Amino acid sequence: MSAHSLENLWSLPEDILAWFDRGATVDAKPLALVDETVALRRCALYRKAFRGIAVSYPAALLEFDALAAWIRRERATVDVTSAGELDRAIAAGIDPTHIVMHPQASAAPPIRAAVIAGAARFVVGSSQQVAILAEAAEHNQRVVIDATDG
């Protein structure tokens, strides 16, 4: 285990921060009017700004055909929180090795479904989720512990 200063971890170079500020003014539209072009531009901006760092996108973006195609083409990682989102990601052609499961509460079915599908990583936040994952897994799984909720 290694420890890092959060100040160094979360601080971004000024030029990257300027990209986000410029993008926010260019894309300033009511949420209902944000289209696929704006979303694609933002996804590409995040990918460029965080080059060399794993960036993942929510499964909700897969509802847009252009975004789903971009995510597949770029081999980007997709975050899912439920069995329905997992099914959407698989149906959209996302490689299971690019899926990260963030299960809600202690729901066993989504965790089991993600194990069966071959999800790359799991973000667990309780001992119940760890137990469900340990029971369902047939081999070692990549696990991240979410310690933000106590």
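A residue counts as buried when its relative accessible area is under 20%, as exposed when that area is over 50%, and as partly exposed in between. Thr-77, with a relative accessible area of 13%, is therefore buried. The model is predicted, and its mean pLDDT is 80.

**Overall architecture**

- The protein has 7 helices and 5 strands.
- Read from the N terminus on, the elements follow the order α-α-α-β-α-β-α-β-α-β-α-β.
- Of the 150 residues in the protein, 30% are buried.
- The accessible surface of the protein amounts to about 9,600 Å², and carbon and sulfur atoms supply 56% of it.
- Among contacts in the protein with a separation of 6 or more, 29% are between residues 24 or more positions apart.

**Confidence of the prediction**

- A pLDDT of 70 or more is reached by 76% of the residues.

**Tyr-57 and the aromatic pair**

- Leaving out residues up to four places away in sequence, Tyr-57 touches Cys-43, Tyr-46, Arg-47, Trp-70, Ile-71, Ala-76, Thr-77, Val-78 and Asp-79.
- The C-alpha atoms of Tyr-57 and Val-80 are separated by 9.0 Å, and these residues are 23 residues apart along the chain.

**Thr-77 and its surroundings**

- Thr-77 is located in strand S2 (residues 77-80).
- Apart from neighbours within four places in sequence, Thr-77 is in contact with Val-55, Ser-56, Tyr-57, His-98, Val-100 and Arg-121.
- Tyr-57, one of these contacts, lies in strand S1.

**Salt bridges**

- Side chains of opposite charge can pair when their charged atoms come close.
- The structure holds 3 salt bridges.
- One of them joins the side chains of Arg-47 and Glu-74, at 3.9 Å from N to O. Arg-47 lies in helix H3 (residues 36-49) and Glu-74 in helix H4, so this bridge ties together parts that are 27 residues apart in sequence.
- Arg-47 is partly exposed, at a relative accessible area of 28%, and Glu-74 is also partly exposed, at 33%.
- Glu-63 forms a salt bridge with Arg-88, with the closest N and O atoms 3.6 Å apart. The pair links distant parts of the chain: Glu-63 is in the loop between S1 and H4, while Arg-88 is in helix H5 (residues 83-91), 25 residues apart.
- Glu-63 is exposed, at 53% relative accessibility, whereas Arg-88 is partly exposed, at 30%.
- Glu-135 forms a salt bridge with Arg-112, and the closest N and O atoms are 3.2 Å apart. Glu-135 lies in helix H7 (residues 127-136) and Arg-112 in helix H6 (residues 108-117), so the bridge connects parts that are 23 residues apart in sequence.
- Glu-135 is exposed, with a relative accessible area of 58%, whereas Arg-112 is partly exposed, at 34%.

**A nonpolar surface patch**

- Val-130, Val-143 and Ile-145 form a nonpolar patch on the surface, and together they have about 250 Å² of accessible area.
- Val-143 is part of strand S5 (residues 142-145).
- The relative accessible area of Val-143 is 40%, so this residue is partly exposed.

Key
Residues are numbered from 1 along each chain as its sequence is written. Side-chain values use heavy atoms; hydrogens and water are left out. Patches are made of residues with over 30% relative accessible area and no salt bridge: like charges are joined within 9 Å, nonpolar side chains (Val, Leu, Ile, Met, Phe, Trp, Tyr) within 5 Å. Accessible areas come from the Shrake-Rupley method with a 1.4 Å probe; for residues, only the protein chains shown count as cover. A salt bridge is a side-chain nitrogen of Lys or Arg within 4 Å of a carboxyl oxygen of Asp or Glu. Helices (H or I, at least four residues) and strands (E, at least two) are DSSP runs, numbered from the N terminus. Buried means under 20% relative accessible area, exposed over 50%, partly exposed in between (1.4 Å probe, protein chains only). pLDDT is the predictor's confidence in each residue, from 0 to 100. Contact means heavy atoms within 4.5 Å.
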